[in-house]
Amino acid sequence: MTNIAATAAPSPAAAAALPTRLAKRFVDRLVIIVPYLWLLFFFLIPFIIVFKISLSQTAISMPPYTPVLDFRDGVSGFFAGVRELNFDNYTWLTQDALYFNAYVTSLIIAGISTILTLIVGYPIAYGMARAPATIRPTLLMLVILPFWTSFLIRVYAWIGILKPEGLLNQLLLATGLISQPLVILNTYTAIFIGIVYSYLPFMVLPLYSSLEKMDYSLVEAAQDLGCPPTGAFWKITFPLSLPGVVAGCLLVFIPAVGEFVIPDLLGGSQTLMIGKTLWNEFFSNRDWPVSSAVAVILLLVLTVPIMFFQQAQARAQEQGK
Amino acid sequence: MKSLGSIRRDFAPWNDPSAKPYIQFDKVTKKFGDFTAVNNLSLTIFEREFFALLGASGCGKSTLLRMLAGFEEPSAGRILLDGQDLRGIPPYKRPVNMMFQSYALFPHMTVEKNIAFGLKQEGMPGSDIDKRVAEMLKLVKLEQFAKRKPHQLSGGQRQRVALARSVAKRPKVLLLDEPLGALDKKLREETQFELMDLQQELGLTFVVVTHDQEEAMTMADRIAIMDKGEVMQVATPAEIYEAPTSRFVAHFVGNVNMFEGRVAERTADTTRITGATGAQIVVDNGGAATAGSDIVFAIRPEKIKVSSKKPADAVNALEGEVYDVAYLGDMTVYHIKLDDGQMVRASAMNASRVTEDPLTWNDRAWVSFRPDAGVVLTR
């Protein structure tokens with residue numbers, strides 16, 4: 001009876017609670033503001049600065065580019081600057097085939113590396129997810145363990161393994177599998193090895209979390225309905241782990257495109273990747289505006305397709321509901 | 001032994017010595033490390049039977065079902081299906097299908113794709129698949145939900161999809177693991193009858209695992225009561241209830257009063273029992289009890305009559321005091337504390353609106369029962 005009365009007319013208690021509810025909603029919003037502020041200060045503002053530099057010209061000065069779009073001459077000066085804006089650096093990027101090739105090679109190398117990482121990482125994640133629950137935390141720990149050592153040192157270590165007189169060649173020569181040392185270092189193969197090794201945890205972790213969540217009785221049900229284990233994997237396990245596959249691939253692909261350390265240390269001088277090109281422009285040529293333009297284009301190349309992809313995914317999810 | 005009342009269909013291959021068993025567990029043992037889940041168990045199930053495995057959790061009933069489906073191999077012993085030894089046959093080649101407790105519906109497929117899954121594996125032509133799927137959807141009354149995904153369905157609808165999927169291939173045997181466990185009480189009762197109708201209609205052999213005795217009693221032709229990896233008794237629901245063969249079964253199914261005692265005298269058709277606390281009980285059916293042996297006399301509450309005066313013609317009548325009365329509407333449950341200290345539970349149907357012989361707390365009362373009302377248990 002009291003329930004009916006309470007719903008029929010707003011009770012005094014509910015009315016009194018309204019300001020508290022508004023305050024609570026404000027606090028909830030506040031919590032969201034923190035990460036947005038973080039992104040504003042450490043991503044958006046630096047990006048705007050980089051974009052601004054990309055519109056200027058190199059100069060022998062400190063910093064090494066001509067000032068562009070600033071308020072030194074007041075607001076009118078700023079608008080005068082806007083009218084004089086030119087995208088010469090971007091046109092330059094289209095004129096020299098070097099940049100286009102570097103972008104394309106980077107995307108191809110990152111793509112192949114991502115697929116290789118997926119092929120190596122999936123069985124690892126699968127094995128972990130199906131391991132007895134008691135040893136799963138240990139396995140997880142082992143995947144994260146390499147992070148305890150510096151990334152640079154780990155990539156350096158690969159030079160020792162891959163060089164002609166390195167550990168790998170010595171081992172293969174000693175076992176008699178090869179008679180001539182393999183040339184791996186300073187080739188694209190070395191880059192693939194380096195990227196797969198370095199980014200494997202970023203692939204394994206999201207895959208593991210999606211595989212571990214999966215109800216194993218689904219696989220049993222598929223087998224019960226006459227599907228052999230390999231079929232059950234491709235029809236049930238793999239489709240259900242796709243969110244993990246996508247997350248893992250993005251986490252590997254995006255940093256791999258701009259990767260600089262691995263191609264520089266393992267790929268030798270003749271490999272062409274956009275990260276290295278950017279580094280050369282910035283440190284060797286001291287051409288800040290062009291390297292900024294390279295960075296802006298790289299960001300667009302990566303974010304625009306991913307944004308479309310995520311939008312499509314969100315739409316698909318919406319339809320599924 | 002007198003035949004126990006049964007209202008079931010005229011179907012009792014287990015009483016026919018010439019009937020061929022369909023599923024046979026032959027001295028099956030299953031160990032997980034040191035733990036013995038199923039211990040040297042033998043069991044026979046007949047074609048078209050609705051067979052229930054009933055027991056508390058951890059009694060080995062699910063392991064038994066999983067061995068039949070092929071997800072576990074027995075550590076020792078054989079399982080035969082229609083004369084064929086199932087050892088080494090993987091689950092995807094066994095002519096049995098299972099309905100999982102969690103339903104295990106494929107979340108990324110629509111209802112019709114879920115139902116068609118097993119048929120596609122069989123290599124059935126597409127037009128036949130469509131026909132069979134439509135037929136199954138009609139059977140479980142989900143025609144308008146064909147294009148939905150499992151998460152867009154209610155619990156009861158999901159249960160019916162799982163059922164349709166598991167019978168779509170027309171398996172020789174359908175295994176059901178707690179099929180109604182996730183449904184609420186009212187839906188569960190309706191679905192019990194639907195399952196029974198479906199089994200009749202399709203003429204399949206059903207093996208159902210459950211911990212709910214009411215569910216097993218309602219649906220099954222025969223029930224196997226399991227405890228610690230062993231079968232305690234296999235019998236029809238009526239036999240399980242009226243003629244349990246052990247204290248465990250008597251206790252496990254329904255309510256029961258147990259009198260500890262010793263057989264004082266044993267003749268051809270009467271057994272006189274002296275209760276541990278002095279009560280004298282005479283029964284018709286002494287079972288395997290021999291004179292002088294320690295036994296338990298078990299009697300169901302509804303077989304006991306409670307009255308304020310000693311009934312003149314009663315063979316067994318014990319005096320005590322009303323300790324508790326619980327009025328449940330359709331019946332009244334009395335707890336009588338006998339003068340020797342034993343507590344007796346008796347229930348009386350409230351067949352009329354006014355009780356002629358009202359009893360209340362602390363009244364003197366007599367409990368009486370017929371010589372054939374209970375059973376003598378030796379183990």
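These questions and answers cover sheets, helix packing, a loop residue and the chain contact in a predicted model. Residues are numbered from 1 along each chain as its sequence is written, while chains are lettered from A and ligands numbered from 1 in the order in which they are written. In this predicted model, local features need pLDDT of at least 70, side-chain atom pairs count only at pLDDT 80 or more, and totals for chains, interfaces and linings use all residues.

Q: What is the strand order of the open sheet of four strands in chain B?
A: Strands are DSSP runs of E, at least two residues long, and helices are runs of H or I, at least four; both are numbered from the N terminus. Two strands pair if DSSP finds at least two bridges between them. The order in chain B is β2-β1-β4-β5.

Q: Which residue of β4(B) is the bridge partner of B:Thr29?
A: Strand β1 of chain B spans residues 23-32, and β4 of chain B spans 76-81. The two pair in the antiparallel sense over five bridges. The partner of B:Thr29 is B:Ala76.

Q: At what angle to β1(B) does helix α1 of chain B run?
A: Axes are lines fitted to C-alpha atoms, for helices over the stretch in contact, and angles run from 0 to 180 degrees between N-to-C directions. Helix α1 (residues 61-69) lies across β1, β2 and β4 of chain B. Its angle to β1(B) is about 115 degrees.

Q: Which strands stand at the edges of the sheet of five strands in chain B?
A: This open sheet has the order β13-β12-β11-β14-β20, with antiparallel pairing. An edge strand has a single partner, so one side is left without a neighbour in the sheet. In chain B these are β13 (280-283) and β20 (374-377).

Q: Which residues of β20(B) are buried on each side?
A: A residue is buried if 20 or more other C-beta atoms, placed from the backbone, lie within 10 Å of its own, exposed if 12 or fewer, and partly exposed in between. Both faces of β20(B) are covered. One side has B:Gly374 and B:Val376; the other has B:Val375 and B:Leu377.

Q: Which residue of β20(B) stands opposite B:Phe297?
A: Strand β14 (residues 294-299) of chain B and β20(B) pair over four bridges, in the antiparallel sense. B:Ala298 stands opposite B:Val375. Opposite B:Phe297 is B:Val376.

Q: Why does A:Pro67 count as exposed?
A: A:Pro67 is found in the loop between α2 (12-54) and α3 (74-84) of chain A. The count of C-beta neighbours inside 10 Å decides the class, and for A:Pro67 it is 12.

Q: How are α2(B) and α4(B) oriented to each other?
A: The helices pack with their axes 7 Å apart, at an angle of about 25 degrees. Angles under 35 degrees count as roughly parallel, over 145 as roughly antiparallel, 65 to 115 as roughly perpendicular and the rest as oblique. The two helices are therefore roughly parallel.

Q: Which element supplies the largest share of the side of chain B that touches chain A?
A: Residues are in contact if their C-beta atoms, placed from the backbone, lie within 7 Å. By that rule, 18 residues of chain B are in contact with 15 residues of chain A. Both β6 (96-99) and α2 (111-122) of chain B supply at least two residues. The largest share, four residues, comes from α2(B).

Key:
Contact = placed C-beta atoms within 7 Å.
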